[in-house]
Amino acid sequence: MSKILVVAAHPDDEVLGMGGTIAKLTKAGNEVNVLIVTDGSSSQYRDSVGLQKIIENKKKETWACAQTLGVKNVFYGEQPDMKLDCTPHININKVIESLIDELGPDTVYTHFWGDVNVDHQNVYKSTLVAVRPVLGQVVKVLYCYRVPSSTEWTPCKVDTMYMPNVFVDITEEAELKYEAFSKYRTELRDYPHPRSIQHLKELDVARGLEVGQGLTETFVLLRKLC
């Protein structure tokens with residue numbers, strides 16, 4: 001059994017990027033935990049008098065999603081949403097490092113470095129710090145995942161082009177993924193927005209057709225120690 005940590009900048013990144021893979025991993029008996037680095041709301045709803053309630057409701061949605069996917073625990077870094085570019089790098093590092101020290105995962109999934117969302121970029125950078133390959137590092141496998149409405153919105157340049165090398169068949173888990181995403185009522189959008197269930201279905205079909213298999217999620221494998 002593997003111990004896996006999924007690092008996400010915002011609530012819903014984890015299910016949009018790899019909800020089917022999370023369900024597949026938990027069904028196989030692996031322990032999956034999720035870290036949401038930011039509060040996911042403090043910038044978007046900064047002028048709301050009910051901001052704290054919005055944040056708490058988002059946590060409830062995250063937990064409902066996690067339960068659907070079989071996630072063991074959800075942890076919150078409580079960093080400011082959409083402000084990780086002006087948050088001290090060491091603060092983000094500490095959130096991720098502390099949880100890795102506590103949980104001891106052998107596998108970590110994080111954001112793709114070329115995402116248009118700057119929070120995603122900074123979570124990726126801090127994850128690299130947290131899993132740096134020093135002697136005694138418990139993390140042996142490191143992946144990046146793709147988030148619709150962020151990864152594909154980056155210009156296709158050499159340094160930001162998403163080029164996956166791992167393709168996970170989620171045909172048996174896809175409906176769980178879509179059910180889990182539906183728990184995020186505050187994040188659901190109408191089709192053809194990328195954060196709509198119909199778009200997720202089409203994306204999973206398209207990724208599978210690219211490699212000759214069923215519904216698929218894609219990843220970039222950055223490091224694997226055997």
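Predicted model: local features only at pLDDT ≥ 70, side-chain atom pairs only at ≥ 80, totals over all residues.
**Entry 1. Ground rules.** I number residues from 1 along each chain as its sequence is written.

**Entry 2. Cavities.** Rolling a probe the size of a water molecule over the atoms shows where empty space is left. On a 1 Å grid over the protein atoms alone, a cavity is a set of points where a 1.4 Å probe fits but cannot get out; a pocket is an open set with protein on both sides within 12 Å along at least five of seven lines; lining residues have an atom within 4 Å of a point. Grid points are joined across faces, edges and corners, and a volume is the space filled by probe spheres set on the points.

I found 2 cavities of 30 Å³ or more. The largest cavity has a volume of about 70 Å³. I listed its lining as L16, G17, R146, P148, K177, L203, D204, R207, T216, E217 and T218. At least two lining residues come from each of α1 (13-27), α6 (197-211) and β7 (216-224). Helices (H or I, at least four residues) and strands (E, at least two) are DSSP runs, numbered from the N terminus. I sorted the lining into 3 nonpolar, 3 polar and 5 charged residues. Here Ala, Val, Leu, Ile, Met, Phe, Trp, Tyr, Cys and Pro count as nonpolar, Asp, Glu, Lys and Arg as charged, and the others, Gly among them, as polar.

The second largest cavity holds about 40 Å³. Its lining consists of E14, V34, T62, C65, A66, L69, V71 and V74. Helix α2 (residues 51-69) gives the largest share, 4 residues. By class I noted 6 nonpolar, 1 polar and 1 charged residues.

**Entry 3. Helices α2 and α5.** I next examined where α2 meets helix α5 (residues 174-182): their axes come within 8 Å and cross at roughly 165°. Axes are lines fitted to C-alpha atoms, for helices over the stretch in contact, and angles run from 0 to 180 degrees between N-to-C directions. The two helices are therefore roughly antiparallel, a term for angles over 145 degrees. The contact (heavy atoms within 4.5 Å) involves C65, T68 and L69 of α2 with L176, K177, E179 and A180 of α5. I classed these residues as 4 nonpolar, 1 polar and 2 charged.

Entry 4. I then turned to open space. The largest pocket contains about 330 Å³. It is lined by 21 residues, and H10, M82, N117, E187 and R195 are the closest to its centre. The lining divides into 7 nonpolar, 7 polar and 7 charged residues.

The second largest pocket contains about 160 Å³. Of its 13 lining residues, R146, T151, E152, M161 and Y162 lie nearest its centre. I counted the classes as 5 nonpolar, 4 polar and 4 charged.

**Entry 5. Backbone.** Most residues other than glycine have a negative phi, and most peptide bonds are trans. I recorded a cis peptide bond between Y191 and P192, with omega about 15°. P192 sits in the loop between α5 and α6. I also recorded a positive phi, near 105°, for D12, which lies in the loop between β1 (3-8) and α1.

Technical notes: Heavy atoms only, no water. Parallel < 35°, antiparallel > 145°, perpendicular 65-115°, else oblique.
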